[in-house]
Every structure is written in C-alpha cells, then in structure tokens.
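Subject: Structure for your study, with notes

Dear colleague,

Please find the structure below. Kindly look through it first, and then read the notes that follow.

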Amino acid sequence: MTMIDKSSTSLAEAVADVFDGATVMVGGFGEAGSPIELIHALIDQGAKNLTVVNNNTGSGHVGLAALIENGRVARMICSYPRTLGSKVFPELYRSGRIELELVPQGTLAERIRAGGAGIPAFFTATSVDTPLAAGKELRTFEGRDYVMEYGLKADFALIKSERADRHGNLIYNKTARNFAPIMAMAARTTIVQTGALLEVGAIDPEVIITPGIFVNRIVTVAEPAQESRLVAEGRVYP
Amino acid sequence: MTAENKQARGWNRQEMARRAALDIPDGSYVNLGIGIPEMVAQFVPEGRELIYHTENGLLGMGPAPAVGEEDPELINAGKKAVTAAPGAAYFHHADSFAMIRGQHIDVCVLGAMQISEQGDLANWSTGEPDAIPAVGGAMDLVAGVKTIYVITQHCTKNGEPKLVESCSYPLTGKGVVNRIYTDLAVVEVTPQGFVAVELAPGVSFDHVQEKTGGRLVAGPQLEK
C-alpha cells in the first residue's frame, strides 16, 4: 500500500531538480505571499538562465530581488517591475542584462489561469489600442475589438500557503493568496512552503482553496521571514 | 500657503477627492487607484454604502489600520496596509480580474498623465526609452470597469495641459474616460469633446479653457 505524502524534508530537497533555463512562477504580490525561503533555497541550489513569472521584481536585496541580483534570471514576465525599493531590476534592465515581457496584471493572471486549465489562448479587451497589443492578433466579437493572448505554463511554481495537509490541500492568509492558486495550476511541479503541515482531514473541505491535485511538494516553514523587515534591516542574500 | 491662496487656485487634493465622491452612487462596487483617488473613500457622503475592491484580492477593503496593527499579508494594490471590512472576501488574482474584466465593478477612479477629447487615457508610461515600463492593472481597469472617473491636476507641474486634443504618451485605453475631476473644474467627456459641468470656486470658464489643450465647451449647468 502506498500513501500519498507530498512533504519534503528540506527546502533544498524541495527545489533540487529546478534546472537551468526553467520557467519558474513565483507567488506573491510584493511581499504578501512571497515564498522567500523557497527563493533563497533556489539561490543556494544554483539554477540559472531562468524565466521568472511574478507580478513584481522584488525589493531590497533578498527574495526575488536577490535571485535576480545573483544573475539567475534571464527573463522576467511581470506587470509592475517598478516598485518602491526595487533597485536591482531597473539597473540590470537598463544595462540590457535582463529581458522583460510586460503584461497587464489581469492578462497575466488570466494567462496563468488559462495555462493551468488547458486553454492555449484567449481573447481580451485589455490593452487593445495600446502598445502592449502591438503585433498581436485582433478579433471583433459583438462589435468590440479583442486581442489574443496565450496561456502561460511553467516548469515549476514556488508558492506560500498558511496551512497544508499531506495531500497538498492548501489554504492561504488574506491577500497573500494572490497568484498562488493559479500558479499551482499552471506549473508542472508546484512546490509549496507552508506555515503548518496538518493531518489529512484536518482542513474543512469547504474552505480548501487549492485542492491537492495541483500540488507536488510541501515543505514546512513555520516562521517565515518578513521581506519588508529584512529590507529595512538592509539584509543581503546570500 | 494660506487657505485663501488655495481657494483662488481652485480645489485642493482633498476637495477634488470630495467632489468625485459625491458622484459615486450608493451601493456601488468601487476600485480606487493610487494617490488622490485613494482619498475618495474618506469623503463618501453619510448614508451611502460603497464596497471597495482592491485588485490584489480583496472585496470589502476597510481603512488603514492603526499604527502597529499592520499585517504585511493584508495590503492593497498600492502595497499599503489596509483592513478587511465586515462582509469582506479574499480571492485569487484570476477571480479578482474577472470582477474587473467581466464588468462587475461599477466605478473606477484613477490618476492620469493625459486625457484626450475622445476619452483616451494615458497613465502608465511616458514612453521614454530609459523608463522602466510598468502597467499593473490599469489597462484591465479601463477596459472592464463600467464607469471611469479620473482625478488629476488640470495641468502638469510645468503648466502643460493634461486635457489634450490627442494623447502624446502611450495609451492605457481608448475612449474609456467618462468624467474628469481637476483642481479647476469637473469635465465630462462627451461625443462633442470636453464639457465643463462645474467650476471650482473663483475659477472662470475662460481660465479653464485656457488651461485645456483640447476643445472645451461650457455645459448648460454653468449658466445657473
């Protein structure tokens, strides 16, 4: 008899197979929901030439900003790379050392959702008649123009949850949920850092946000670091 | 600066926010942009219940928490600490933008760099080659929200008009703006172009016209 157990014994083990050139979705909106310990483990692991999908580009010199600063990211797909305290990305971008695919936030979310739902492309009114629709296929439905956007998939997703069980069922904390549920759907391998790993059955099925089918690995980080605190302290990773 | 000086120049930031708040109907689902638009919530008239959406994943956003009560996992789209009002709900990004793109949000109040006579909005990029482009949810909001209000100074810091014949900056959306609240006037965007429907105290129509790049018409409301 086999028992489904998606728990990993360490952060290092959880990210061990992330390969050079992989596409990695990273949850979080600013620091809310950012899986900072998993990102640091990925820095330690060494994979490079990554394409990273995140709404932002991190702040200070920790977490996602540190991954970028350490030269591991070749390309960012994001909606808002110009956040307060984001110094690393602008410098690399201006010197041509990192590529940027700028996507409207809702289009980014829908592309990820579509990628996870087996939908290769869809049409949206967002960005029509703007530079971000340049060169893309347009179609008219019911008298309105729409632009075609492709679904987005990833090799790995790194996300943060409040609680999980051994099957991978997840619940989140407040607005830290943001991109995590859809990234979990869109990645071939979804890796979760959770505040508490519970027994199967401990989470009410009515309140589960991400069903375990979308999750592959879980590692417990009972007291995750708070990114803004690390930034305020001037911390640099590694 | 004395209060008298401010009056002579038209509405200040709070007054612009207050004026916009008056026009949001009771029961609306509302998304407020960063800057002056955020202040609109402070000026909603007594007796109206509005529900605030913040696109990072909260419907029923409440005011900022007391100092020391901030939760880094409870923030708004501007990444500032907020609270959840009674009856609030959290959701993921695809659901949040389905509310926007699926035309479920009634009113969005945004800032602007330029607005054209046709209601085109530019508010995300100057298009300069060394600028880091960043768009966030602005294009989704103008494409999907039923009514778009803009709150902005009538002119830039250098005195250039922001209400223009056509936008020189890259567009956020075409033909999307319904009404503009500036320090000088309330201006509607109509098929005939800009129509001034209200002037700030002490501000003449001629002055507003002079500060407007596009064609401005006096609405019938000004004749009273």
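Which residue of β7(A) does Thr124(A) stand opposite? The residue is Val147(A). Please keep in mind throughout that this is a predicted model.

The sheet in chain A

The pair just named belongs to a wider arrangement. Strand β5(A) and strand β7 of chain A, residues 144-150, pair in the antiparallel sense, and four bridges join them. They are part of an open sheet of three strands, with the order β5-β7-β6 in chain A and antiparallel pairing. The edges of this sheet are β5 (121-124) and β6 (138-141) of chain A; each has a single partner strand, so one side of each is left without a neighbour in the sheet. From one strand to the next, the twist averages 40°.

Two further features of chain A concern its backbone and a helix. In the loop between β6 and β7 of chain A you will find Glu142(A). The phi of Glu142(A) is near 45°, which is a positive value in a residue other than glycine. Helix α5(A) lies across β5 and β7 of chain A, and runs at about 150° to β5(A).

Elsewhere in the chain, the peptide bond from Tyr237(A) to Pro238(A) is cis, and its omega is near 0°. Pro238(A) is located in the segment after α7 (227-232) of chain A.

The contact between the chains

How many residues does each chain bring to the contact? Chain A gives 37 residues and chain B gives 32 residues. On the side of chain A that touches chain B, the elements that give two or more residues are α4 (88-94), α5 (105-116) and α6 (180-186) of chain A. The largest share of that side, five residues, comes from α5(A).

Two packed helices are described by the angle between their axes and the distance between the axes. The axes of α5(A) and helix α4 of chain B, residues 93-101, come within 9 Å and cross at roughly 125°. The two helices, α5(A) and α4(B), are therefore oblique to each other, and their crossing is left-handed. From α5(A), the residues that take part are Gln105(A), Gly106(A), Ala109(A), Glu110(A) and Arg113(A). They meet His93(B), Ala94(B), Phe97(B), Ile100(B) and Arg101(B) in α4(B). The residues of this helix contact divide into four nonpolar, three polar and three charged.

The sheet in chain B

Chain B has an open sheet of three strands in the order β7-β6-β9, with mixed pairing. Why is one side of β7(B) and of β9(B) left without a neighbour in the sheet? Strands β7 (121-122) and β9 (163-164) of chain B stand at the edges, and each has a single partner strand, so one side of each has no neighbour in the sheet. Strand β6 of chain B, residues 114-116, pairs with β9(B) in the parallel sense over two bridges. Within the sheet, Ser116(B) stands opposite Val164(B) in β9(B).

Confidence

For the complex, the predictor gives an ipTM of 0.96 and a pTM of 0.96. In chain B the mean pLDDT is 94, and 96% of the residues reach 70 or more. Over residues 1-7 of chain B, however, the pLDDT is below 50. Beyond near neighbours in sequence, this stretch has four contacts in the model.

Yours sincerely

Notes: Residues are numbered from 1 along each chain as its sequence is written. Chains are lettered from A and ligands numbered from 1 in the order in which they are written. This is a predicted model: local features need pLDDT of at least 70, side-chain atom pairs count only at pLDDT 80 or more; totals for chains, interfaces and linings use all residues. Two residues are in contact if their C-beta atoms, placed from the backbone, lie within 7 Å. Two strands pair if DSSP finds at least two bridges between them. Axes are lines fitted to C-alpha atoms, for helices over the stretch in contact, and angles run from 0 to 180 degrees between N-to-C directions. Angles under 35 degrees count as roughly parallel, over 145 as roughly antiparallel, 65 to 115 as roughly perpendicular and the rest as oblique. A crossing is left-handed if the near helix is turned anticlockwise from the far one by less than a right angle, and right-handed if clockwise. Ala, Val, Leu, Ile, Met, Phe, Trp, Tyr, Cys and Pro count as nonpolar, Asp, Glu, Lys and Arg as charged, and the others, Gly among them, as polar. pLDDT is the predictor's confidence in each residue, from 0 to 100.
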